[in-house]
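Please look at the sequence and the model first, then read on.

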Amino acid sequence: MAHPASARDEPRGPFAREHTPKGLTQLEDLDRGLVALGTAEGTFLSWRLLASEVSGATETGQAGPAWRVIRDGEEIATVSDVTSYLDLGGHAEARYTVTPVRSGVAGEASAPAPVHADGFFDIPLVRPADGVTPVGEAFTYSANDASVADVDGDGRYELIVKWDPSNSKDVSQVGYTGEVFVDTYTLEGELLNRISLGKNVRAGAHYTQFLAYDFDGDGRSELMMKTAPGTSSATYRNGDLVEESTITLPRGDVRAGVSHDDDYRMSNDDFRAHLTEMFLSWHERDEVVSGQWPATLEEAWGTEVRHDYPLSPDAAAELTDYFIDVYAPSRSGNNRLWNFEGFIVDGPEYLTVFDGETGAELETIPYKPGRGDDGLLWGDYAMSRIEPGNRVDRFLSGVAYLDGAQPSAVFARGYYTRSTLVAYDWDGKRLKERWYVDSGHAPLTNPFNDGPHGRDGTDPEFGTLTTQGFHSLSAADVDADGKHEIVYGSATIDHDGSLLYSSFAEMPPQSAQPGEQARLGHGDAMHVTDIDPARPGLEIFTVHEGGAYAPYGYALRGAADGEILYGDYTGRDTGRGMIGDVDPTVPGLETWATRLRAADGAELGAATGLGTNMSIRWAGDLTTQIVNGSGDAVPTIDDRQRGTLLRAEGTRTNNGTKGNPALVADILGDWREELLVRTTDSAAMRVYVSTEETPHQLATLMHDPQYRAEVARQQTTYNQPSYTGWHLGTGMDFSAVPVLTHEVVPRAPKVHDRPGRGKDEVQVKATPGIAWYVDGERVTHPSGKVRVGATAEIVAVPTAWYRIADGATSAWTVALTR
Ligand SMILES: [Ca+2]
Ligand SMILES: [Ca+2]
Ligand SMILES: [Ca+2]
Ligand SMILES: [Ca+2]
């Protein structure tokens with residue numbers, strides 16, 4: 001797969017790279033990402049090493065170019081093996097650049113970076129106007145989950161932000177919500193576009209899952225998300241609205257009378273009418289005709305059959321009243337279905353691809369799979385809590401390199417009673433389905449009284465996927481074939497869309513079902529990376545909700561086959577768990593849910609004081625820090641040994657008790673992750689950059705395919721940290737980090753020595769991956785010939801995504817006869 005390198009960094013002329021390396025994963029063509037931050041000691045500079053520049057490993061990190069640091073046009077230092085520098089002689093108005101230097105040849109200088117005096121910078125945001133729901137409830141907006149992608153191909157990230165109304169709802173909560181907006185800004189805070197999802201998309205963590213990624217490899221990212229009639233997008237330029245348009249409704253929907261004015265939100269009366277309609281057609285349902293479900297609603301509810309079927313409209317209305325006022329409350333006191341306004345259980349659902357820069361719609365297709373119904377088939381009326389629009393409306397999204405080269409978009413619907421995932425490739429014009437996974441519904445015996453969780457779906461291959469999914473998913477190459485699998489909670493989908501495994505285990509004696517084989521099942525937190533570097537391959541750490549019905553409250557599994565490496569039955573909903581290198585004296589990453597354990601399972605005591613909301617790679621020593629602070633608390637970055645390293649005063653995390661920063665990702669500077677949190681009033685996104693010195697040099701984490709894919713999916717539902725596909729922690733083996741550049745062996749140049757004629761020449765051979773320099777000048781003539789004097793220095797400098805092979809000669813000094 002071609003790398004989408006822009007012309008910007010490409011060698012020009014006949015020595016331009018003639019082809020892009022084969023088999024290379026499509027990664028972003030990023031700029032230097034230089035940031036300058038004022039600290040008490042001086043000005044801390046931090047920049048990117050690109051994976052395209054890595055030439056191998058050293059004792060302290062990855063090898064790359066040397067770096068020339070320039071302040072106000074004057075060189076102040078040359079450093080190597082680190083991508084940061086503390087300038088003790090700086091000043092507030094200084095402007096810095098950094099230039100890579102290879103074999104004495106300077107490459108492209110970075111864009112100049114100003115100094116951010118306070119150790120952070122703000123990206124101004126345009127907060128949407130407050131609103132009022134159809135029942136008169138006022139709401140406001142706060143900036144919620146964020147992502148980054150290069151929407152215009154200049155190598156610099158833009159910021160994508162989802163706006164969350166103050167009345168956003170969980171899928172189990174009743175009520176109208178405000179509209180959802182997804183904005184794209186430059187890092188300077190210029191609004192580029194705004195997607196308005198419209199009234200037919202409910203607001204809440206489970207509904208809108210947006211993917212910002214360059215799917216087609218043209219160097220500019222797209223934006224994909226679930227849409228509906230009423231969705232529109234607006235393009236801005238210099239702060240002014242220049243274009244606004246609604247998405248294209250599929251022709252079939254237009255013929256069926258669908259319009260952008262449709263309002264599928266239900267009032268309380270609408271819900272009654274909806275139920276009555278459902279009851280009126282009870283006798284025709286496939287499940288009723290086949291005898292799978294009771295023939296009458298009264299039988300399903302365990303009451304005396306008093307009506308003839310097909311029901312009359314009066315009978316259906318009477319049964320609706322009975323269902324809402326008597327049956328539902330008899331199942332649970334929380335079932336107050338007379339108040340069910342604000343849900344959307346009907347109407348078209350779409351998936352739209354937008355241009356990342358302009359927000360222009362590129363394609364809209366029906367969302368796959370459709371809901372089918374309001375959740376009846378999904379078990380939403382079956383359990384004691386009757387919650388239409390709940391299990392049916394659980395969405396996830398992610399990015400994965402399923403063919404090892406090009407990113408695919410993965411959208412998922414449902415995980416309790418039916419699990420579906422669909423993978424799409426985007427070629428710039430059309431979405432093409434790569435594969436579709438569907439467990440089928442877990443069959444219900446009685447849609448109004450059944451316990452379908454943990455029951456296989458109807459599909460022979462994917463039936464065991466039910467109840468295995470989490471509120472997140474990961475893309476990781478679990479079997480080391482260079483292609484991503486989808487780690488789908490307690491199951492894993494192979495890169496080709498087949499089921500790799502679905503994890504079951506024997507229930508322990510103290511559980512509700514001793515000796516039975518049961519799913520590891522659903523949970524809220526999962527982490528996939530090389531947790532234990534002493535064991536080959538990746539590991540998966542998960543927590544599980546099933547309590548007495550789950551074999552494990554938490555478990556560490558081998559990612560290749562799902563084999564349990566360690567875990568504990570807890571007998572209760574184990575809701576939270578995290579991993580990280582929080583004890584540098586213990587090899588590998590530690591894990592914690594109910595207890596702190598080493599990568600090899602050794603008990604390290606209670607996990608007291610260790611947060612579980614989000615982690616960050618912030619320290620210089622490769623340890624992991626934890627981001628704490630939920631609700632109205634000030635977010636902090638905390639280190640287990642050193643305490644609080646940062647208090648992000650004036651900012652807040654998102655998603656209530658989940659305490660998620662808007663984003664934690666390596667968006668700028670060296671390999672450390674930045675903390676992105678909204679200011680308290682959401683007037684800006686604040687970006688904190690670590691100014692802790694580090695002796696370690698690593699390529700930007702964004703050039704690791706797993707990490708980059710995981711950053712794109714960080715926004716999905718219950719945000720999880722992003723992990724590299726290799727072990728990152730203290731004591732790590734830097735030679736184990738994959739080097740993505742291709743080896744090249746330069747051919748020795750020819751010397752045309754013409755004594756006494758003053759026409760001495762050297763001639764270099766055009767070689768993919770090599771830029772030739774003679775006496776510091778780039779060789780540009782098609783012949784490769786350069787006139788030289790008494791001596792000549794000839795240097796072969798690798799171009800992007802190439803490195804000189806170990807042991808190969810890349811510099812020649814020749815003396816010529818005069
Ligand atoms: Ca950009
Ligand atoms: Ca794989
Ligand atoms: Ca391992
Ligand atoms: Ca960084």
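Which residue is the bridge partner of Phe541 in E36? The partner is Leu556. This is a predicted model, in which local features need pLDDT of at least 70 and side-chain atom pairs count only at pLDDT 80 or more, while totals for chains, interfaces and linings use all residues. Residues are numbered from 1 along each chain as its sequence is written, and chains are lettered from A and ligands numbered from 1 in the order in which they are written.

- Strands (E, at least two residues) and helices (H or I, at least four) are DSSP runs numbered from the N terminus.
- Two strands count as paired if DSSP finds at least two bridges between them.
- Strands E34-E35-E36-E37, in that order, form an open sheet of 4 strands with antiparallel pairing.
- Strand E34 (526-529) and strand E37 (564-568) are at the edges with a single partner strand each, so one side of each has no neighbour in the sheet.
- From one strand to the next, the twist averages 10 degrees, where axes are lines fitted to C-alpha atoms and angles run from 0 to 180 degrees between N-to-C directions.
- Strand E35 (residues 539-543) and strand E36 (residues 554-558) run antiparallel and are joined by 5 bridges.

**Strand E43 and its partners**

- Strand E42 (residues 614-616) runs antiparallel to E43, with 3 bridges between them.
- Met614 has Val627 of E43 as its bridge partner.
- E43 is also joined by 3 bridges to strand E44 (residues 636-639), again in an antiparallel arrangement.
- Here Ile626 has Asp638 of E44 as its bridge partner.
- In a regular strand the side chains alternate between the two faces of the sheet.
- Strand E43 (residues 625-628) is covered on both faces, with Gln625 and Val627 buried on one side and Ile626 and Asn628 buried on the other.
- A residue is buried if 20 or more other C-beta atoms lie within 10 Å of its own, exposed if 12 or fewer, and partly exposed in between, with C-beta atoms placed from the backbone.

- Strand E40 (residues 595-597) and strand E41 (residues 603-606) run antiparallel and are joined by 2 bridges.
- Arg595 stands opposite Ala606 in E41.
- The hairpin has 5 residues between the strands, and Gly601 takes a positive phi near 100 degrees in it.

**Backbone features in loops**

- The peptide bond from Tyr309 to Pro310 is cis, with omega near -5 degrees.
- Pro310 lies in the loop between helix H4 (297-301) and helix H5 (313-331).
- A cis peptide bond also leads from Lys368 to Pro369, with omega near -5 degrees.
- The loop that holds Pro369 is between strand E23 (361-366) and strand E24 (395-400).
- Asn238 is not a glycine, yet has a positive phi of about 50 degrees.
- Asn238 sits in the loop between strand E20 (232-237) and strand E21 (240-246), and is exposed, with 7 other C-beta atoms within 10 Å.
- Trp801, also not a glycine, has a positive phi of about 75 degrees.
- Trp801 is in the loop between strand E56 (791-798) and strand E57 (802-804), and counts as buried, with 23 C-beta neighbours inside 10 Å.

**Annotation from the record**

- An unreviewed UniProt entry annotates residues 26-114 as "domain: Rhamnogalacturonan I lyase beta-sheet".
- UniProt positions are given in the numbering used here, feature names are shortened, and annotations may be inferred rather than shown by experiment.
- In the model, residues 26-114 are 0% helix and 45% strand, and their end C-alpha atoms lie 31 Å apart.
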